[in-house]
Amino acid sequence: MRRFAAVVVLTTLSLSQDVYASRFSLGVSRDKYGESVANDMNNAGQVALIVRDKDGTPHAAFFERGKVSLLETGGEIASEANRINRFGEVIGSVQRDNSWQAVIFHQSQNPTMLGTLGGRSSHGLALNNAGEAVGFSDLADGSWHAFLYRPGQGMRDLGTLGGNISYAVAMNDTGQVAGTSVTSGGYRHAFLYDPQKGMQDLGTLGGRYSSANAINKHGVVAGMSEMPDRSKHAFVYDGKTMKDLGALIGYGDSVATGINDEGHVVGIVDLEHIRLAFVWRDNKMLVHPSGKSLYLTNAINNAGQVVGAVYDRGLEAAAMPSSTRPFVDHGGDTILWFNAAMAGLAGVLVFFRRRIAGFFKAQTTV
């Protein structure tokens, strides 16, 4: 049995020696800025960034050509930068006293504060190339609703799917919005908002809840849904059906975090002690170990760059080409050698852990 375990380990290592994912740090100095996470990158390579100082306070930042510029409005004690459009405008939020305010940072003019829906706070989560923005804000009664902001028109309440909470996280240039809302039944469901059709419940993959995280120009939505067995699977919704991407991965809890206009989807997979990153493109599922790719995958741009962070005793902003040769490359519903090897290795490790635990238990009873 020990010999079999060694064969599994050595085979896995030898097969994967030359197919590891390739990720690179953006070069944000940890000594100067602390931890960093890239939340979005436009096609020009400009990045919406969060840096976290020594005491853990987050600060919005803009990154371009190796240079970090902190985004400030004046008087804030914390801030965040979430998305960036092709003009380099960044949507985020700033904290002043005990409230947060959604804000758009511009390249050549003062930041635009977006206000609220009548409450104390708002958070800006996405914007498009027309300068329209979405996020969520509290109301005077304390509930939280998704909002849509249009320049010159202010902030509009998008409502909910029947509950008292909703939040919008992504939008495209046609004004379609993706987000999540509590239903009248009390569960969170992903939604697609269309200016002509209103808010549509996208449902689930058979579980109780779902959430949306990204949308592309075609209105295709990516996110996560609970399954009937209470596991979590990444999904992509094409306007008609919700496709189960987690089934293509074959193991773990997965969540889709980004999608580009080509329909390429990125996300993460969590096993008990392992974090993986995935890219679904050209009807193939590519799975990478986080030690050789990204620990966080927050977005993918139309140039095929995946951005997020690597983890090495702390988070560091990083990017990875979506076409990188992966650990796993399989299409359709076929699960290839890596899945089997990982499952076999996990089984072997569990077996020996139990054998070792039994051995020590026996020794203590002698």
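The side chains of H123 and E80 are joined by a polar contact of 3.3 Å. A polar contact here is a pair of N or O atoms within 3.5 Å; within protein, one must be able to donate a hydrogen and the other to accept it, and residues adjacent in sequence count only if both atoms are side-chain atoms.

This is a predicted model: local features need pLDDT of at least 70, side-chain atom pairs count only at pLDDT 80 or more, and totals for chains, interfaces and linings use all residues. Residues are numbered from 1 along each chain as its sequence is written, and side-chain values use heavy atoms, with hydrogens and water left out.

H123 sits in strand 10 (residues 122–127); strands are DSSP E runs of at least two residues, helices H or I runs of at least four, both numbered from the N terminus. H123 has a relative accessible area of 14%, so it is buried (under 20%, 1.4 Å probe, protein chains only). Beyond four places in sequence, its contacts (heavy atoms within 4.5 Å) include W100, F136, W144 and F147.

The largest nonpolar core has 18 residues. Such a core joins buried Ala, Val, Leu, Ile, Met, Phe, Trp, Tyr and Cys residues through side-chain atoms within 4.5 Å. Strand 24 gives the most to this core, with three residues. W280 is among the residues with the most contacts inside the core. W280 touches V236, L245, V265 and M285, among others.

Confidence is given as pLDDT, from 0 to 100 for each residue. The chain averages 86, and 82% of the residues score at least 70.

| Residues | pLDDT | Contacts beyond four places in sequence |
|---|---|---|
| 1–20 | under 50 | 24 contacts |
| 328–366 | under 50 | 42 contacts |

Conventions: Buried means under 20% relative accessible area, exposed over 50%, partly exposed in between (1.4 Å probe, protein chains only). pLDDT is the predictor's confidence in each residue, from 0 to 100.
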